[in-house]
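Have a look at the fold first, then read on.

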Amino acid sequence: MRGKEKLFLLLAIVAAIGVSLCSHLFNRYYMGVAVDCGINVILAVSLNLINGHTGQFSLGHAGFMAVGGYMAAKLTLVFGPSLHSAVQPFFFAGALLVGGITAALVGLAVGVPSLRLKGDYLAIVTLGFGEIIRVIFQTSDTFGAATGLTGIPKFTNFAWSWGLAAVTVYVVASLVNSTYGRGFIAVHDDEIAASAMGINPVRYKVTAFVVGAFFAGIAGGLYAHQKAVISPGGFDFLKSIEIVVMVILGGMGRTAGVVVAAVLLTILPELLRGVAEYRMIIYSLLIIVLMLTRPQGLFNFGKKRAA
Amino acid sequence: MTAPLLELEKVTIKFGGLTAVCDLDMCIGERELIGLIGPNGAGKTTAFNMITGVYQPTSGTIRFRQKLTAGVKPHLLSLRGISRTFQNIRLFSQMTVLDNVRTAMQGNRAQRVRDALLRGKVFREVEARVAGEAMELLKIFSLDQFHDSMAKSLPYGDQRRLEIVRALATQPKLLLLDEPAAGMNPTEKHQLMELIRFVQDKFQIAVLLVEHDMKVVMGICQRIHVLDYGRKIAEGTPAEIRANPKVIAAYLGTETTDA
């Protein structure tokens with residue numbers, strides 16, 4: 001395995017750019033769905049670091065996504081029009097980064113006090129936090145209140161979405177697959193034993209939370225520049241649940257499985273458009289059946305935990 | 001005599017109205033093998049949890065290598081050199097045997113987030129060294145052939161041994177064993193006694209052993225402390241403890257014995 005991780009990252013990014021360059025050959029609708037897939041992969045893989053590997057049940061991922069999305073969108077809306085088109089990709093990258101960092105800082109602020117809680121309690125606190133974020137944006141005139149932000153330049157394309165998805169996978173997998181990163185899984189397995197073995201559980205939990213929030217923020221920025229319109233309603237509790245379902249379906253702590261699940265669950269609602277009225281019923285049934293038959297996750301075959 | 005490795009002075013802990021441990025004094029020197037015994041609920045595990053920083057004593061002081069441990073978090077005490085096993089096995093069940101040991105080694109490594117992300121030369125060297133050292137440790141306890149199995153799939157006795165190996169991986173000065181013989185048959189108990197002696201000798205560490213099984217404790221400990229209802233009722237060599245009427249009363253009731 002040595003040294004192959006970086007090669008994977010490089011190849012994935014090159015492939016993403018390559019596909020993006022010939023995107024005009026494909027149907028625009030399909031390309032749009034493909035971009036959505038990449039964004040959801042970022043969300044699910046980053047949440048998997050918190051919920052799967054570290055075992056801290058967070059329901060606030062849409063909140064972090066909103067922070068990143070609004071920050072990045074506001075930046076491009078205010079400064080974007082005056083920029084020369086040649087520097088726009090760099091500016092977009094910067095805006096995404098600012099969105100990610102803001103989300104990470106919010107993650108730190110939320111994580112430090114709330115990660116003292118465990119299980120259901122943590123889930124409730126993060127759920128409440130996600131709603132607080134949404135309501136803040138809903139009432140803030142700077143961020144367009146209930147209408148949200150409109151006319152955001154459509155910078156996001158296949159290369160951005162899947163390139164950054166590859167970066168997310170690389171970061172999460174590299175973190176976990178290391179002597180340092182085994183601490184995340186140790187905290188998940190047994191916090192008391194972990195601390196008796198010299199592992200600081202608080203530090204690991206906060207790290208997972210901050211890294212997870214950072215990538216959720218990046219995904220939010222991509223989402224905003226894909227849809228061109230964002231409103232508080234798009235970052236509600238259901239969005240968080242949707243990401244949690246991807247993690248559970250893929251198998252908690254299985255990066256590869258979660259990637260597949262994120263793609264499947266993005267495509268499935270599109271396929272079910274024909275039976276739109278029954279879409280949510282089919283979706284819910286699928287999850288119920290899955291939980292009854294494969295509670296360990298659809299793509300959880302191997303015995304080993306290492307991502 | 002040199003200063004003791006671990007020193008407990010009038011250590012008391014109260015949970016609400018219940019005094020779980022009261023005025024406990026205890027000294028453990030370098031490379032000593034000390035036993036801590038007592039009937040169920042005597043406060044042995046509570047004493048363990050205070051030494052390892054899980055609980056904070058209500059009053060009294062604990063010193064490890066002459067430094068107070070009050071308010072120090074368990075993971076920092078582990079880095080200072082206190083390691084332990086648990087009464088109910090607490091392995092990292094979702095990890096392989098090798099990963100369990102490797103994880104315990106991470107506290108003493110300089111590896112940080114940045115190293116793990118950049119995956120440079122230093123990172124690979126540390127990874128290789130950690131894996132090598134972990135395998136060596138496993139080999140000493142002949143667990144190396146299971147290195148790729150999940151920890152929870154090992155037989156019970158091997159899980160107990162793996163817990164000891166994992167504790168040793170933190171490079172402790174003091175190893176606390178919480179009822180390592182629980183659930184073992186006589187043959188396994190005998191092997192365990194050999195193992196504890198071997199560990200103490202090979203790694204040159206002090207061992208504090210909490211145990212119910214008299215044969216095990218009497219067989220290997222140099223000195224024994226006896227707790228009953230949170231108070232120390234006796235201290236001495238195995239022979240002294242065996243003859244002590246208070247100990248006999250605590251364990252067997254107040255009838256006289258003629259064994």
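Helix 2 of chain A passes helix 11 of chain A in a right-handed crossing, where right-handed means that the near helix is turned clockwise from the far one by less than a right angle, and left-handed that it is turned anticlockwise. Bear in mind that this is a predicted model, in which local features need pLDDT of at least 70, side-chain atom pairs count only at pLDDT 80 or more, and totals for chains, interfaces and linings use all residues. Residues are numbered from 1 along each chain as its sequence is written, while chains are lettered from A and ligands numbered from 1 in the order in which they are written.

**Helix 2 against helix 11, chain A**

- Helix 2 spans residues 28-53 of chain A and helix 11 spans residues 255-271 of chain A; their axes come within 8 Å and cross at roughly 140°.
- That angle makes helix 2 of chain A oblique to helix 11 of chain A (under 35 degrees is roughly parallel, over 145 roughly antiparallel, 65 to 115 roughly perpendicular, the rest oblique).
- Axes here are lines fitted to C-alpha atoms, for helices over the stretch in contact, with angles from 0 to 180 degrees between N-to-C directions.
- Helices (H or I, at least four residues) and strands (E, at least two) are DSSP runs, numbered from the N terminus.

**Helix 7 against helix 9, chain A**

- Helix 7 (residues 182-189) and helix 9 (residues 201-227) of chain A have axes that come within 10 Å and cross at roughly 110°.
- That puts helix 7 of chain A roughly perpendicular to helix 9 of chain A.
- Gly183(A), Phe184(A) and Val187(A) in helix 7 meet Pro201(A), Tyr204(A), Lys205(A) and Ala208(A) in helix 9, and the residues of this contact divide into five nonpolar, one polar and one charged.

**Where the chains meet**

- The contact takes 35 residues from chain B and 28 residues from chain A (two residues are in contact if their C-beta atoms, placed from the backbone, lie within 7 Å).
- On the side of chain B that touches chain A, two or more residues each come from helix 2 (74-80), helix 3 (97-105), helix 4 (113-118) and helix 5 (121-140) of chain B.
- Helix 3 of chain B gives the largest share of that side, five residues.
- By class, the side of chain B that touches chain A has 13 nonpolar, eleven polar and eleven charged residues.

**Helix 3 against helix 5, chain B**

- These two helices of chain B pack at an angle of about 115°, with their axes 9 Å apart, and their crossing is right-handed.
- The contact involves residues including Val97(B), Leu98(B) and Val101(B) of helix 3, and Val130(B), Ala134(B) and Leu138(B) of helix 5.
- There are ten nonpolar, no polar and two charged residues in the contact of helix 3 with helix 5 of chain B.

**The core**

- The largest nonpolar core has 166 residues, and those with the most contacts inside it include Ala44(A), Ala262(A) and Leu174(B).
- Such a core is a set of buried Ala, Val, Leu, Ile, Met, Phe, Trp, Tyr and Cys residues joined through C-beta atoms within 7 Å.
- Leaving out residues up to four places away in sequence, Leu174(B) touches Leu5(B), Ile28(B) and Ile205(B), among others.

**Residues to look at in chain B**

- Glu179(B) has a positive phi of about 45° although it is not a glycine; Glu179(B) sits in the loop between strand 7 (174-178) and helix 7 (186-203) of chain B.
- Glu179(B) is buried, with 21 other C-beta atoms within 10 Å (20 or more is buried, 12 or fewer exposed, in between partly exposed, with C-beta atoms placed from the backbone).
- Asp23(B), in strand 2 of chain B, has a positive phi of about 50° without being a glycine.
- Cys27(B) is also found in strand 2 (residues 18-28) of chain B, and Cys27(B) touches Pro4(B) and Glu7(B), not counting residues up to four places away in sequence.

Conventions. Ala, Val, Leu, Ile, Met, Phe, Trp, Tyr, Cys and Pro count as nonpolar, Asp, Glu, Lys and Arg as charged, and the others, Gly among them, as polar.
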